[in-house]
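Hi,

Here is the structure I promised to pass on. Have a look at it first, and then read my notes below.

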Amino acid sequence: MNKLIIALGLTTALFGCSSNTNQEDQLNLLATNRANIIQSKLPVKSGPLSIMRASANGKTIELMMIYNESETGAKPIQTVLSQSTKEFCQQKETKANLDAGISYRIKMRNPRGQLMVDQYLTKETCKKDS
């Protein structure tokens, strides 16, 4: 009887681990798919901001941007980041991905390649910023 209980316990534990791994794999695939879709539309330039690259790292979609603060009409980088984050968090597809467990990482560099911003966006940070 004890062997049966132990065997059932081990089986349940293995299925539980398998379920978590399967969900993690699905999130990784979702992030990779979304990053590929974004990447296919790049580069995108909007004034002094250029989105150059999108890639997935696990369940995080990383967006690499270049921001030229010295360009005419450019706003301070923190203002651009705040406005971009607010708009980004309101997009339907982004919300759905965040709700599923995907996160975004925004990296902004200056034209010389220096990292100016490295920020993660999650469901929680989007709720806080709205």
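Two terms before we start: strands count as paired if DSSP finds at least two bridges between them. Helices (H or I, at least four residues) and strands (E, at least two) are DSSP runs, numbered from the N terminus.

Please keep in mind that this is a predicted model, in which local features need pLDDT of at least 70 and side-chain atom pairs count only at pLDDT 80 or more, while totals for chains, interfaces and linings use all residues. Residues are numbered from 1 along each chain as its sequence is written, and side-chain values use heavy atoms, with hydrogens and water left out.

The overall layout

The chain has four helices and five strands. Read from the N terminus, the order is α-β-β-β-α-α-β-β-α. Of the 130 residues, 28% are buried (under 20% relative accessible area; exposed is over 50%, partly exposed in between; 1.4 Å probe, protein chains only).

The sheet

The five strands make an open sheet in the order S1-S2-S3-S4-S5, with mixed pairing. S1 (44-46) and S5 are the edge strands with a single partner each, so one side of each has no neighbour in the sheet. On average, neighbouring strands are turned by 20 degrees against each other, direction ignored (axes are lines fitted to C-alpha atoms, for helices over the stretch in contact, and angles run from 0 to 180 degrees between N-to-C directions).

Going through the pairs, S2 and S3 run antiparallel and are joined by eight bridges, with Ile51 opposite Met65 in S3. These two strands form a hairpin with two residues between them, and Gly58 in the turn has a positive phi of about 70 degrees. S3 pairs with S4 in the parallel sense over seven bridges; here Ile66 has Arg109 in S4 as its bridge partner.

Why call S3 largely enclosed by the rest of the structure? Because seven of its eight residues are buried.

The core

H2 lies across S3, S4 and S5, at about 25 degrees to S5. What does the largest nonpolar core look like? It has 24 residues, and Ile61, Leu63, Tyr104 and Met108 have the most contacts inside it. (Such a core is a set of buried Ala, Val, Leu, Ile, Met, Phe, Trp, Tyr and Cys residues joined through side-chain atoms within 4.5 Å.) The elements that give it two or more residues are H1 (2-40), S2 (49-57), S3 (60-67), H2 (77-90), S4 (103-109) and S5 (115-121). H2 supplies the largest share, five residues.

Arg105 is in strand S4 and is buried, with a relative accessible area of 16%. Not counting residues up to four places away in sequence, Arg105 touches Thr60, Ile61, Glu62, Leu63, Asp118, Gln119 and Tyr120.

Most peptide bonds are trans. Leu42 and Pro43, however, are joined by a cis peptide bond with omega of about 0 degrees, and Pro43 lies in the loop between H1 and S1.

Over to you!

Notes: Contact = heavy atoms within 4.5 Å.
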